[in-house]
Amino acid sequence: MYRWGKVILVLLFAVQLFGCSASRETDYSEYRKYSDTFFDSFDTVTQVMAYTKSEDEFKRYFNHIHDRFLELHRLYDIFNSYEGLNNLKTINDQAGMQPVKVDQEIIDLIQFSKKWYKEAGPETNIAMGSVLDIWQEYRDEATANPALAKLPPMEELQAAAKHMDMDKVMVDEEKGTVFLTDPDMSLNVGAVAKGYATELVAQEVKALGLESAIISAGGNVRAIGYPYDGVRHRWGVGIQNPDRIVVTEQDNLLDTAFIHEASVVSSGDYQRYYEVNGKRIHHLIDPKTLMPGDYYRAATVVTEDSGLADFLSTIVFLTPYEESRAFVDKLEGVEALWVLKDGTIKATAGMEKMLKSHGASGTDK
């Protein structure tokens, strides 16, 4: 369910992004639109579209993006080991035993997550792997045999929750090591790793000279600059309608957000889930209740940094609306949209200005 949900979301973005071509003015006559896709990192489909002066130039940027996504996928992998590489699985395997020497990208991701955990709240806790492992086991069993789908026992979840103290994630910047002092804890960076990797790679290709592009990693969208087609000043990014996730359905977008140099990330109950007695049991687990969040169908965050957008979208989704809205309103440069359980749509004023339903378009400056 998770794999197909991600693929569908990306394809919807592709329709929105690639279906809006426009004539070029002379200033942009040297640029052409190119696109390509890869499927082998972060368990999702990643699409890259860019305006460059030649196909060879595009391929250089695309190959860099692909190679770096593969590298970061291995570093942030909690399921697989790789010869000669210490990754997050290595850290988890050595919990309670010894510090693990790791690459700087792992140090940076963990420090980023710890910082925002302290500033934004506990809804995104990368140290709750012990709890998420249980949910993963029950989700896998339900996928294999839906008739036997069930919820994990609360006693089991509560026992695991005793081992998710972020203060026991020890990072030594000078030595470049990470140590989980609790032998029964583990890291799970699923709520932030893909967005963080997308931002890191976007910054790298910008430094290499790419000026007009968009990266969609499983629906985690990062826009670089604006479209070099001579007409538009903003990219159009489709926001998934949580009730319509089949590619062949008409009108499967909830709305379209028009952005430049920004990221759009959504969290929802429609991406990875199973059902128990007709109730959808999704993958976004609230560390306070140890159960799936039950306030919304979906929440979307727009901000420049893709890693932050990924992190915040989970927090926004797992927090009651009044609290969630107040949280977003106090953050500079962050906008959000909520789809409530009854289908009601709420959005910040800044978000409304980006939406097609409120008159925004790709030609807006």
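1. Let's start with helices H8 (residues 306-317) and H9 (residues 321-329) of this predicted model. They pack at an angle of about 150°, and their axes are 9 Å apart. The two are therefore roughly antiparallel to each other (the label for angles over 145 degrees). Helices here are DSSP runs of H or I with at least four residues, numbered from the N terminus, and axes are lines fitted to C-alpha atoms over the stretch in contact, with angles from 0 to 180 degrees between N-to-C directions.

2. Who touches whom? On the H8 side you'll find Leu 312, Ile 315 and Val 316, meeting Ser 324, Phe 327 and Val 328 of H9 (contact means heavy atoms within 4.5 Å). Sorted by class, that's five nonpolar, one polar and no charged residues.

3. Now the aromatic pairs: there are 14 of them (rings of Phe, Tyr and Trp, its six-membered ring, with centres within 6.5 Å). Take Tyr 28 and Tyr 228, which are 5.4 Å centre to centre with 50° between the planes, a tilted pair (under 30 degrees would be stacked, over 60 edge-to-face). Tyr 28 sits in the loop between H1 (2-18) and strand E1 (32-41), and Tyr 228 in the loop between strands E7 (220-224) and E8 (235-240), so the pair ties together parts 200 residues apart in sequence (strands are E runs of at least two residues).

4. Some housekeeping: residues count from 1 along each chain as its sequence is written. Local features need pLDDT of at least 70, side-chain atom pairs 80 or more, while totals for chains, interfaces and linings use all residues, and side-chain values use heavy atoms, without hydrogens and water.

Definitions and conventions. Parallel < 35°, antiparallel > 145°, perpendicular 65-115°, else oblique. Nonpolar A, V, L, I, M, F, W, Y, C, P; charged D, E, K, R; others polar.
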